[in-house]
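Please keep the sequence and the structure in view while reading.

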Amino acid sequence: MASRRFEPKDYTVGWVGALPVELTAASQMLDEEHPELPHDPNDNNIYTLGRIGSHNVVIACLPAGQFGPTSAAAVAVQMKSKFPAIRAGLMVGVGGGVPGSVDVRLGDVVVSQPAADHGGVVQYDFGTATASGLKRKGFLNAPPAILLNAVSKLRANHMRRRSSISQHLSSFEDLPRFQRANAGVDWLFASEYTHVEGPTCETCSKDHLVVRAPRGNDSVEIHYGTIASGNQVIRSGITRDQLSTELGNVLCFEMEAAGLMNGFPCIVIRGICDYADSHKNKNWQPYAAATAAAYAKDLLSVIPASDIMETFSVQGSQASLHYEQSVLFSGQTLGFGNPQRKGTLSKSEILRLSQEAYTLYSTLRGSEEAHSIVGLSDDLFGLHCSLNHLSKYNDPDIQPGQNSGWQTSNIFKRPDVLMHRCSGVLEGIQKTLNENQGPEVFLGERPDLAEVQTTPGEMSTQTKAALVQAELQWCASSMDILLDGLLRSNQPKMNGESGRKPVPAVYGARIPEAPSSSGQRTQKRLGSATVQDNLAGTSNKPPRIPGMDLISICCCNIAH
């Protein structure tokens, strides 16, 4: 156990597992365990902290009895909020192998890697139901470049017989359940042969076994390719083979990765514990979890800590993602909480709301149980983008309410109420999904909206869902207005002139300063100074957008 006191910002690798057996295997890979951090009442996760090689790792497991993409997404959202410095994600656990053109066997490891038309993971149960069957749509992101580069390096090491997996598996010597000798016999039955009743296959007819060439030893084989993910447990050899053929020959099936790839950039590592057929049981789960964890540790060993630190954080990479769904089951919660009412906006609070808006967006995109509000998905995505843009403002604590007398919008006077209102509508939508009820469940419980902006009277004649849609649109446009005002008020003057510099096309681009007294030019990142300092030097007139002021923009978005 380490004696040093660590902070959330010290952890750069996030590791997610779905089962207690997977958490056990992951924890066994730690070279050093760290003490727990103070509990956050808004975070439902319980973390295991430690070090693997030169990387500080945070490990989280899904709640007991809750599986699937949504549970995984909820855990990842809270992990990212708690540990903002995470640069690389690992989804490590067990899965059902697909025997076929690739000789996948129990205890082997399958690693997600871009292949054919997929980025490494494909959600097989998402799409449009047509007369001819399910028409799949959407695309899940490939693992981050830093992890794919590490895979290439590790594969080269393995070809040169420089694998440490066997060494890592020796860590389980004091855990008999996780040893290969206690896993049992590797039997593969014909796809069409159904399991005979019983916890094991002892009574199944061995006449239906598939004949395979024996392997020379019990070494772990690693396979790279596409992993199929979805909300269903595949327990049929015929279904397994049919889906694999439709998807271009996948290597294994699992249930969590589809909820992570577009919101928690990671690589998926699965130890094969069964063949996704009627004969599946849990006998091989401990050993399969151990082999997957051993590979994950081997993968981290080839990534220098300096490379991890130079990689965009998982939160920062959200801006460039191609988004897709993750289906929410009834009863799943994301840990919402109203932000504190204060004059300063916390960047972590903005990021948290951005993540929650995206999770709800992807939920509605894939949900078949929320028809009454499924049309809100585009507006949730817009709010996610607006919050994400605002979070990139460089000040750690945004204080638009100070010295903003020239601003005519109450958005700048009470931004904390704006965040409270944003959190309220997101929490209400979550409640609606959980209880399978209509939007009227929470519309009557919204915070006082008059503090920020009066809702137009004609909105009262619209449907409840339209009110929620207008609320989302208002929140998104208000975030954009807030960021626009912050950027404009924070532009330094050039050469002592009263004119303003043009806002850079890409926020965060470096812009040259006026020459200093020594004749040297300095560089400054837009947004690096505090709002309070820069507002003091602005004119008394609010910034104008041609043909429209800030308030008219807000009202226009609500009305239309």
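Buried means under 20% relative accessible area, exposed means over 50%, and partly exposed lies in between, with a 1.4 Å probe and protein chains only. Helices (H or I, at least four residues) and strands (E, at least two) are DSSP runs, numbered from the N terminus. The model is predicted, so local features need pLDDT of at least 70 and side-chain atom pairs count only at pLDDT 80 or more, while totals for chains, interfaces and linings use all residues. Residues are numbered from 1 along each chain as its sequence is written, and side-chain values use heavy atoms, leaving out hydrogens and water.

Start with helix H5, residues 237-246, where Gly237, Arg240, Leu243 and Ser244 are the buried residues. They lie on the same side of H5 because they cover an arc of only 135 degrees around the axis, the arc being that of the directions from the helix axis to the C-beta atoms. Ile238 and Thr245, on the other side of H5, are exposed. The buried residues of H5 pack against strands S5 (88-97), S9 (133-136) and S12 (252-254); contact here means heavy atoms within 4.5 Å. Just after H5, Gly248 has a positive phi of about 85 degrees.

A nonpolar core is a set of buried Ala, Val, Leu, Ile, Met, Phe, Trp, Tyr and Cys residues joined through side-chain atoms within 4.5 Å. The largest one has 82 residues, and Trp15, Met79, Phe83, Leu90, Ile269, Tyr295 and Leu299 have the most contacts inside it. Helix H6 (residues 285-301) supplies the largest share of this core, 11 residues. Not counting residues up to four places away in sequence, Leu299 touches Leu90, Leu147, Ala150, Val151, Leu154, Ile267 and Ile269. A second, separate core has 27 residues, including Ile350, Tyr358, Leu387 and Val425.

For disulfides (pairs of cysteine sulfur atoms within 2.5 Å), a search of the whole structure finds 0. Cys204 is in none, and the nearest cysteine sulfur, that of Cys201, is 4.2 Å away. Cys204 counts as buried because its relative accessibility is 3%; Cys385, at 22%, counts as partly exposed.

Confidence is given by pLDDT, the predictor's confidence in each residue, from 0 to 100. The protein has a mean pLDDT of 74, with 67% of its residues at 70 or more. Helix H1 (residues 20-28) is highest at 98, and helix H14 (residues 550-559) is lowest at a mean of 33. Over residues 368-372, pLDDT stays under 50, and the model has 5 contacts beyond four places in sequence for them.
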